[in-house]
Structure formats: structure tokens, C-alpha cells
Amino acid sequence: MIQLTDYQLFKGLLLPLVLLPLFFSCEQKKAEPFPIIGLEQITPEGDTLTHRIGAFSFVDQAGQPYSELQVAGKIYIADFFFTRCPDICPMMSKALLQVSEAMKDRSDFRILSHSLDPLFDTPEELTKYKNDLGTTDPNWIFLTTPEEEYVYEVMMDRYLLSGSPTGAVNGGIFHSGKLILVDRIGQIRGYYEGTDPEDVKRLIADLPRLYAEYEQP
């Protein structure tokens, strides 16, 4: 018969006790809320204001005005692309097809794809692009503007991404491949690389977690 020494018994009891705090630590880490991205501002009254996307005004693929009012109270994903983009944009759109499919049953979710080539990407071009993707998702909105500089202002000042209408890559337009997660009150809660399949999976997994922040008592 195998005899266990007192030391072996002690080790057998000690190991679970050592691992138990680590287990709870991991569980607590998983439950932590998403960060709020962007510089905070302190008002003269001493209140802390977080960065928010704020007001914007675009035209959607149907030629109708589209503003922050349409996403008020909704969680949404934003990205910046253009229909003539030869490299990363098709990959980003493929990633968003996965997000669209995963979120198809949520009426309080949107995807906003902003064109960085608005003079070419008219509502008609955006409609064609959406149809060519094979999606009929009414919650995936493609946006353009008659003012070319405006979309870059929104991208850099509101969504805190770099970009330029003149560059050596992406068909002459320099832009990020990030997908931006925005919460119900317009705060940026995460960036995800739209060309990285693993990061896209992380985004899809994170969406229910963000919704859970609002569903907890």
C-alpha cells in the first residue's frame, strides 16, 4: 500500500488553495468592463467628460440623411473604406459580413461604413457595393458625403484614427483597417484589426459582453 508522507499530504491540500485565488482572479478579469478610449476632460465644475463621437451628418446608400440620431442608444461598429480600394477594404468588408451575420437578430445594433472616396462613392456606388457583397442587412449602413474633407475630419477627430486622402498605398488613400466598437452613448470601447481573423473573432465575442453591461441591474 502506498503511504503518503505528511509533506505530500500538505502539498496536496496547499496546491488547490494556491490555485483558487488565481481562478477567481481570472474570473474577475473576464468580468471587467471595457475601457473607455479617448482623453478625458475636466469641466470648470470638476466633472469628468469622456471622449464621445458626437454629432455627425452623412448620406446613406439610399440617398437619405444619416446622423448620430440614428444610432442613439445603439451599439455600433464603424469602419472607413472606399469601394475602389484594392487591398485591405475587401478584407474588412468580409470581416463585417461575419459581424453582420452574428448580430442579425439585434435591432439595436448597427454597422456604419464610411467612404473615404466620397466624390466617387455616390449612394448609387455604395448600393452597388453592398449588393455585390451579397448582404441585405438593413442594419449595415454605407455612408458618403458631398464634402470630401469632412469624412477625414470625422475619422481623425471623432474616431481617433489616422488617415489621408493622398498616400502611397490603398489606391492613393492612406487609412486604417481598424473596426471601431462604439457603445450606446457614443464612447469608443475598442479597436479591432479588420484584416486579422482572430481579432474579428474577438470582436464578435466582445459584443455580447458589451451588451451585458447594460443588461446588468
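## A helix across the sheet

Helix H4 (residues 148-158) lies across E3, E5, E6 and E11. H4 runs at about 120 degrees to E3. Contact means heavy atoms within 4.5 Å. Angles run from 0 to 180 degrees between N-to-C directions, with axes fitted to C-alpha atoms, for helices over the stretch in contact. Helices (H or I, at least four residues) and strands (E, at least two) are DSSP runs, numbered from the N terminus.

This is a predicted model, where local features need pLDDT of at least 70, side-chain atom pairs count only at pLDDT 80 or more, and totals for chains, interfaces and linings use all residues. Residues are numbered from 1 along each chain as its sequence is written, and side-chain values use heavy atoms, leaving out hydrogens and water.

## The sheet

Seven strands make an open, mixed sheet, ordered E4-E3-E7-E6-E5-E10-E11. Strands E4 (65-67) and E11 (188-193) are the edges; each has a single partner strand, so one side of each is left without a neighbour in the sheet. Two strands pair if DSSP finds at least two bridges between them. E3 (residues 57-60) and E7 (residues 140-144) pair in the antiparallel sense over two bridges. Here Asp60 stands opposite Leu143 in E7.

## Gln187

Gln187 sits in the loop between E10 and E11. Gln187 counts as buried because its relative accessibility is 6%. Buried means under 20% relative accessible area, exposed over 50%, partly exposed in between (1.4 Å probe, protein chains only). Beyond residues up to four places away in sequence, Gln187 touches Ile36, Thr50, His51, Arg52, Leu181 and Val182.
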